[in-house]
Each structure stands twice: as C-alpha cells, then as structure tokens.
Amino acid sequence: MNAWHGVGNLTKDPEGGTTQSGIAWCRFTVACQRRFKDVDGNYQADFIQCVAWRQTAEFVMRYFKKGNKIGVSGSITTGSYDAQDGSKRYTTEITVDNVEFTGGRSDGGNGGGGNYNQH
C-alpha cells in the first residue's frame, strides 16, 4: 500500500498552470510539524513537496495560499535525474488525491469542513 496523509501549513502560495494538452496542475510545499521536540526544546518540521492534477489542482490554486493549514492525502512518488554536475539526484513528492481545509475561517479554511477528492 502506498498512502500518505498529512496536515501542515503551506510554505508559499501554490504554483501551477496547465500542460500543453490542457491538464491543470499545481505544486506546493506543506510544512508538517513533528510530534516531538529537539534537544533545544523546539519542534522541527518536515517540508513535504506535493503535486496535484486536474480539479484538485484547480481547487488548491483557488482556495489555498501561503500559511493556510491543509490536509493532504496521496501517494508517494519517487524519481531521479542527472544534475548538471553529473551527480544523480533523487526526488520524493506526494501525488495528491485529496485535500481538505483544516484551519479556521481566518486561516482561509471553513472551520474544518469541506474537501476535494480527485476520485
């Protein structure tokens, strides 16, 4: 089973567009706070790269902006490419299936209700 679910805050406004064949897409990064504190007593965060397609991408682009809390469900996708210096680079991102508002009204959400499911 390849499933990922997380809640966090958008680190910047989603970026998106359409492919040459007219399919909507968007990319965004979600900062997910870890459950435990580090040795200095601070919470750390993981920065999760996400990509959404079609209606889910349009939904994210329309209703979410930097700082909004978002719930994301999807699958982990990995890849690799050769960098200009000849080294191999590896990528990991979430291919989004579902997003949800998780913040309050002042956060741009609708109090926890409402979501968009790709399927």
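**Labels and the values behind them**

Author: Asp82 has a relative accessible area of 56%, and exposed means over 50%, so Asp82 is called exposed. The model is a predicted one.

Reader: What makes the link between Asp82 and Lys88 a salt bridge?

Author: The closest N and O atoms of Asp82 and Lys88 are 3.8 Å apart. The cut-off is 4 Å between a side-chain nitrogen of Lys or Arg and a carboxyl oxygen of Asp or Glu, so the pair qualifies.

Reader: Is Lys88 exposed or partly exposed, and why?

Author: Lys88 is at 43% relative accessibility, which lies between 20% and 50%, so Lys88 counts as partly exposed.

Reader: How do you know that Arg89 and Asp85 form a salt bridge?

Author: Their side chains meet at 3.5 Å, N to O, and the limit is 4 Å. Asp85, at 59% relative accessibility, is over the 50% mark and therefore exposed. Arg89 has a relative accessible area of 36% and is therefore partly exposed.

Reader: How many salt bridges are there by this rule?

Author: The count comes to five. One of them joins Arg34 and Asp46, with the closest N and O atoms 2.7 Å apart. This pair links distant parts of the chain, since Arg34 is in strand 3 and Asp46 is in strand 4, twelve residues apart. Arg34, at 32%, and Asp46, at 31%, are each partly exposed, because both values fall between 20% and 50%.

Reader: Why can such side chains pair at all?

Author: Side chains of opposite charge can pair when their charged atoms come close.

Reader: Why is Ser73 called buried?

Author: Ser73 is at 18% relative accessibility, and buried means under 20%, so the label applies. Ser73 lies in strand 5, which covers residues 69-82. Leaving out residues up to four places away in sequence, Ser73 touches Trp4, His5, Val96, Asp97 and Asn98.

Reader: What makes the meeting of Ser73 and His5 a polar contact?

Author: The two side chains come to 2.9 Å, and the cut-off for a pair of N or O atoms is 3.5 Å.

Reader: Asn98 is among the residues that Ser73 touches. Is Asn98 buried or exposed, and how do you know?

Author: Asn98 has a relative accessible area of 12%, which is under 20%, so Asn98 is buried. Asn98 lies in strand 6, and its side chain makes a polar contact with the side chain of Glu100 at 3.5 Å. That value still counts, because the rule is within 3.5 Å.

Reader: How do you know that strand 2 and strand 3 pair?

Author: Four bridges join strand 2 (residues 15-18) to strand 3 (residues 24-37), and at least two are required, so the strands pair. They run antiparallel, and Thr18 stands opposite Ala24 in strand 3. The two strands form a hairpin with five residues between them, and Gly22 in the turn has a positive phi of about 90 degrees.

Reader: Which residues have the most contacts inside the largest nonpolar core?

Author: They are Phe28, Val30, Cys50, Phe64, Ile70, Val72 and Val99, in a core of 20 residues. Strand 1, strand 3, strand 4, helix 1, strand 5 and strand 6 each supply at least two residues of this core. Strand 3 gives the largest share, five residues. Beyond its neighbours within four places in sequence, Cys50 is in contact with residues including Phe28, Val30 and Val72.

Conventions:
Residues numbered from 1 in each chain as written. Predicted model: local features only at pLDDT ≥ 70, side-chain atom pairs only at ≥ 80, totals over all residues. Heavy atoms only, no water. Buried < 20%, exposed > 50% of the residue type's maximum accessible area, 1.4 Å probe, protein only. Polar contact = N/O pair within 3.5 Å; in protein donor to acceptor, adjacent residues only side chain to side chain. Contact = heavy atoms within 4.5 Å. Core = buried A, V, L, I, M, F, W, Y, C linked by side-chain atoms within 4.5 Å.
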